[in-house]
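Here is a walk through a structure, taken one piece at a time. Have a look at it before reading on.

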Amino acid sequence: MAQRALWLVRHEPGTPPGGTVRFSRRFPTVEKRAKVFNGASYVPIPEDGPFLKALLFEFRLLDDDKDFVESRDSCSRINKTSIYRLPLGGQELWPVIAFLRNGMIYASIPLVEQTLSPPPPLISISGISQGLELLFGIQDFLFSGQKNDTELNTRLSQLPDLLLQACPFGTLLDANLQNSMDNTDFASVTQLPKQPAWKAGTYKGKPQVFISITEKVKSMQYDKQDVADTWQVVGTVVCKCDLEGIMPNVTMSLSLPTNGSPLQDILVHPCVTSLDSAILTASSIDGMDDSAFSGPYKFPFTPPLESFNLCYYTSQVPVPPILGFYQMKEEEVQLKLTVNLKLHESVKNNFEFCEAHIPFYNRGSITHLEYKVSFGQLDVFREKSLLVWTIGQKFPKSMEISLSGTVTFGSKSRDKQPFDHICIGTTAYVKDEN
Amino acid sequence: MGPPSRDAWAQRLGAFRTSPAAFLAGAEGEHLGRDLLSDLRSEKLSEPTKVSLLALSLEYPAQLWPDAPAAEAAATSLLDTLVLLPPRPSALRRPLLLATTTVLVAGGALGPSSGASGRLLPLLLGLASGRDVGRSFGPASEQRPLQATACECLRELESCQPGLLGGSLGPLRSLLGQGGPVQPLSLLLALTLRHTLLVRGRSGAGLRSLLLAGVSSGGSAWDWTLAKGDVHLQPQAPCWPTAEGEQGPAEGEPSSEDTQELRATVAQLLDASYLLTPVAQAQLLWLLGWALRGLRTQPPVLFKPQLVRLLGTAQLALLHSILALKAAFGEALFTAQDEALLLRRLTLAAQHPSLPQPTHLFYLHCILTFPENWPLGPEGEEAAPLLLGPQLCRSLMPSLLHEPMALLARLHLLCLCCAEDEDEEKGRVQSPQQYLEELLAGLRQRAALEGGPRALAILCFQASYLVASCLAKQLTVVTPLIHGLAQLYQARPVLAPHFVDLLDQLGPELREPLRQVLRQEVVSRPVRDEALRWHLHMLAKVAGGDAQNATLSFLQAAAAHCTDWGLQQALLGVCRVLLQTSGGAGLADLLQVLARQLEDPDGRDHARLYYILLAHLAGPKLGMALGPSLAVPALASSLVAENQGFTATLMVQETPAPIQLSLGPQRAKGPFPVLQLQVETLEPVYSLELRFHVEGQLYGPLEAIHVPCLCPGRPTHPLSLSLQPRCPAPAQLDVQALYTTPAGLTCHACLPPLAVSFADLFLPFPQAPKGAESNFFEELWDSCLPKGAESRVWCPLGPQSLETLVARHLGPFVVVAQPPTSYHIAVRLPPDSMLLLRLEMARGDGVPVALRTDDWAVLPLAGDYLRGLSAC
């Protein structure tokens with residue numbers, strides 16, 4: 001369940017070799033065990049340079065690798081997980097957990113407590129899930145609330161000390177790195193027996209509980225008679241409890257509004273102590289019927305100190321809150337586009353803010369734009385190839401707004417412009433934020 | 001020289017981290033470890049700098065102190081530094097403990113003979129149990145974190161040396177009950193318990209006394225007995241796949257006290273598990289699962305209360321540990337309903353929009369390798385779980401909007417489902433097969449987009465390959481797939497390398513139809529295409545087989561457009577493939593045209609060469625000549641390879657001889673001596689020609705012998721080689737063999753020379769009429785003189801009698817015999833000499849021989865022959 005080494009690699013397109021190792025950490029005691037467990041199939045951990053190159057090659061991020069390379073692109077080399085096999089100096093390093101998020105590749109190599117040939121199934125390697133948790137933890141720490149590169153650098157510089165707390169010997173103690181940071185601060189407080197490891201100290205002060213519910217709607221609208229539109233709500237309940245005592249017991253009960261759709265696919269935070277079996281089995285897999293459990297949804301838990309996601313759910317609302325129409329026509333160098341948005345009458349016409357994002361992928365930066373909006377205002381982010389239509393806090397009385405215009409793009413240089421493997425040609429989407 | 005400043009160290013550490021091997025090989029590398037240890041005690045360096053030095057020793061101890069003595073010395077120095085710290089709060093104590101532990105383990109110094117180990121272990125145990133370990137251990141505020149750190153250090157030591165803490169089970173357990181730090185103690189106790197069960201045999205005999213033992217009185221030496229067992233870090237398959245009792249049956253049933261105590265400890269650990277962080281909870285479950293697996297006396301029902309709580313979480317590590325328990329205990333812990341619920345949660349989590357992509361992928365993998373209660377298929381093979389009904393499966397259908405890896409994982413599942421219920425699904429509104437077909441069509445459509453990224457093409461081909469390999473036998477899936485691919489080629493010939501790769505990877509049952517379809521696709525294209533290069537690339541893979549005319553006319557038409565060297569070479573490459581596979585008159589015409597028409601002289605030369613080869617070599621030989629050359633490494637350019645291939649095939653190879661020749665028994669008959677040759681071979685040889693040559697003018701020219709075929713181990717007729725001596729003298733025959741190998745190469749080998757002895761030349765006189773033998777001999781005898789010579793020789797008999805000697809060596813030549821005392825022998829020696837012998841009056845060990853010959857040169861040879869007879 002331990003990790004042999006871990007790396008953070010910043011992808012830097014256009015600057016050879018395409019990235020830099022921003023952080024790396026090796027765990028020699030684990031390496032010692034790997035040598036014994038893996039026996040003849042043992043492959044040592046490489047230095048940062050060769051590892052970086054092999055990783056970027058595998059992710060197709062090297063600057064000079066646009067051609068077909070059989071060792072990487074062969075149709076039989078099918079990878080269905082974030083676990084890679086990296087060729088390094090005639091040997092193959094496996095299993096390498098790696099994923100790319102926000103321009104950063106997070107990578108680690110878990111210890112496999114047996115021989116590597118034949119490779120055991122991933123499900124039998126405890127270090128895989130532990131490694132992923134560690135990398136997710138680092139990702140959360142680096143990017144939660146972080147806005148710019150300076151902040152990122154500060155957080156990166158805190159990593160060595162934090163890992164000394166959270167993962168001193170390669171075995172992860174707590175995936176919540178922020179917790180480890182607080183732990184250091186709380187060190188002077190005398191901890192009580194039966195203090196949970198995920199709670200660095202105790203709260204003193206006025207008891208209060210904050211709850212916020214965020215819902216995102218994903219919708220596909222076809223504007224066709226024979227194809228049904230689809231939409232799904234994905235919700236998160238965020239909770240922050242300021243309560244005294246080591247283990248205060250809280251029970252949160254969520255009820256649906258009248259005619260509200262039942263919650264499904266509920267996943268809870270580990271601090272939830274028990275769950276009704278109806279909650280466990282409510283799932284979108286079954287589709288909707290009248291017998292679906294419709295609450296109240298009770299979550300008994302002992303809260304940690306920090307703000308946390310008490311639960312995630314999905315739900316199927318009867319109608320999408322905003323109906324959209326998006327048309328795009330390619331005419332030589334320019335795109336003609338039309339966007340119509342209509343707010344559904346059942347939705348309260350009052351927002352904190354409302355924006356429509358219209359991104360363009362796999363094209364050059366925007367060089368020219370002519371447009372007409374019936375309401376709100378349009379901002380152009382030329383370099384990001386993005387249009388942002390600010391609608392404001394209300395739709396007009398008609399509940400309908402429209403945008404039409406033509407966009408011209410500069411020459412395509414793939415490294416700088418947004419890339420997407422689906423939005424090619426006239427395949428595109430609009431994102432409403434409110 | 002004073003200690004380097006903070007900046008100097010920062011620089012040095014930076015240089016080291018860039019490439020440790022290069023740094024250590026350099027001038028500065030030598031003293032790094034020593035400087036680091038001494039500067040840790042320097043008062044001029046700040047604590048953060050010292051922490052960064054310790055961080056380095058935590059990461060690279062094996063590089064800094066490579067052998068056990070160096071590691072021992074470094075650990076001792078670190079311990080001294082720790083003891084010397086002033087008793088105020090310091091950020092160094094934790095990292096010093098961690099570093100000492102790391103250095104000892106990584107350097108291989110941990111052991112009973114190591115002084116540092118002897119100091120560190122009691123110190124850690126003391127800290128872990130919250131005892132007062134001396135004045136240097138700082139203020140009370142630091143005790144709690146140090147206690148946790150000491151537990152972590154002990155856990156690491158136990159991990160690397162199983163059994164090390166076996167003697168401390170009791171103290172650790174009571175500490176957990178008394179309110180020590182829950183998480184580090186729980187994990188340490190669970191690990192030690194697991195190792196103790198492993199070391200003591202699966203029965204866990206004597207466990208009770210260990211679990212109940214109190215803190216040993218201080219001062220006694222560390223108990224290493226349990227750590228020295230031969231289980232030390234044996235590579236082991238931890239708890240996968242489901243095979244209860246895989247490690248053999250329990251060695252004797254444990255006593256009920258042991259069982260009870262073990263159960264109480266496990267229950268104690270599980271009860272407190274809620275207090276652990278999620279990742280630590282997962283570790284605890286893995287450890288306890290490992291520990292209890294195969295213990296018949298420990299029903300895994302202890303885990304049950306935890307499961308319901310854990311099944312609801314979104315935490316990857318927790319769900320994974322439940323799967324580990326499932327694999328370890330199977331039906332003993334999970335009823336069929338539980339299994340169904342677990343699978344349902346897994347399916348749900350594998351697609352939950354709130355979870356990140358890598359988590360989805362891992363769960364999809366877990367579904368494909370789901371640890372079933374009653375698995376049907378072979379272990380280790382990916383399969384759809386039995387309980388994954390059509391409904392769950394439908395929820396995991398791939399769609400074009402998925403990320404490539406998720407799409408492939410879901411596609412694999414879909415293929416497995418299609419393979420399973422080929423028949424059941426008929427009559428549905430949309431069968432999985434139809435869905436699959438549409439999906440693949442969508443993927444191809446995307447891959448066909450002009451200017452689309454290569455990733456899309458890769459995905460399309462990977463998906464096609466996956467479907468083809470899972471559902472190769474389902475024609476309803478495979479046929480549209482093949483035609484769809486042909487259309488994709490039509491739309492985007494630039495994907496030719498992908499097609500070639502796919503053809504290489506596919507099984508033969510799909511490769512042929514796809515080849516055919518693609519060939520038709522290519523040859524029906526106009527040659528004026530910009531994609532001619534790709535068409536030729538493709539043809540080089542798919543040409544051959546039937547319908548060559550279309551290919552040839554395509555090539556003929558293409559020739560006019562092959563204006564640059566590269567295209568011409570590609571064109572010739574296709575011709576080359578055709579040469580190898582089929583040949584034919586049409587090809588000869590084409591090559592002749594090319595030899596005249598191509599602009600590039602190199603291209604013309606090649607075409608001409610191919611034409612000559614086609615005209616002169618038979619099919620198999622041509623195949624050999626053009627096939628991959630074994631003499632050249634695969635990376636050499638095709639031109640070099642080609643030339644080498646020709647050289648190898650068209651020229652005669654010198655090889656060591658696989659053939660052995662030997663002389664068989666003589667048959668003295670006829671006008672000339674004839675040698676009987678026995679031939680044996682080590683490998684099959686065809687069209688063998690044996691050539692003989694004799695030095696000087698002793699014999700007339702020797703005819704070569706031809707053998708059509710020789711195989712090892714198969715008996716052969718002796719070969720006859722007739723000699724035409726010009727004078728009756730022995731000689732050496734040089735022998736050469738020329739033959740063809742089964743691979744079609746022509747080889748030449750020199751065989752060891754064959755010795756023709758004097759006796760090999762003997763021929764009998766024609767038989768004299770009955771009764772006249774004596775006269776006949778006397779006439780011969782008299783005719784020798786005066787031009788000939790006469791002599792008397794002593795012929796030793798050795799152990800044999802005269803009768804035997806004559807019968808053995810001279811039988812055919814006896815003219816007059818009065819056994820056993822007197823023999824008159826006449827030997828004809830071609831071309832026109834004779835040798836006459838009278839053997840009479842044998843005396844014990846020899847016989848006097850009177851001999852006459854008409855050729856005085858024969859005398860010495862005859863003498864040698866007679867003297868040597870007894871030895872033969």
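**Where the chains meet**

Let's begin with charge: between chain B and chain A the count is one salt bridge, meaning a side-chain nitrogen of Lys or Arg within 4 Å of a carboxyl oxygen of Asp or Glu. The partners are E156(B) and R33(A), whose side chains come together at 2.8 Å, N to O. Before going further, a word on the ground rules: this is a predicted model, where local features need pLDDT of at least 70 and side-chain atom pairs count only at pLDDT 80 or more, while totals for chains, interfaces and linings use all residues. Residues are numbered from 1 along each chain as its sequence is written, chains are lettered from A and ligands numbered from 1 in the order in which they are written, and side-chain values use heavy atoms, leaving out hydrogens and water.

Back to the interface. There are also 37 residue pairs in polar contact across it, both residues at pLDDT 80 or more. (A polar contact is a pair of N or O atoms within 3.5 Å; within protein, one must be able to donate a hydrogen and the other to accept it, and residues adjacent in sequence count only if both atoms are side-chain atoms.) On the side of chain B that touches chain A, you'll find 64 nonpolar, 34 polar and 16 charged residues, where Ala, Val, Leu, Ile, Met, Phe, Trp, Tyr, Cys and Pro count as nonpolar, Asp, Glu, Lys and Arg as charged, and the others, Gly among them, as polar.

How many residues does the contact take from each chain? Chain B gives 114 and chain A gives 97, with contact meaning heavy atoms within 4.5 Å. The buried area is about 9,000 Å², and carbon and sulfur atoms give 65% of that; this is the accessible area (1.4 Å probe) that two parts lose on being put together, summed over both. In chain B, Y274(B), L275(B) and R344(B) lose the most area to chain A, together 8% of what that side buries.

Now turn to the strands of chain A. Strands here are DSSP runs (E, at least two residues), numbered from the N terminus, and two of them pair if DSSP finds at least two bridges between them. An open, antiparallel sheet of four strands runs in the order β12-β13-β18-β15. At its edges are β12 (322-331) and β15 (366-373), each pairing on one side only. β15(A) joins β18(A) (residues 400-409) through seven bridges, and E370(A) stands opposite T406(A) there.
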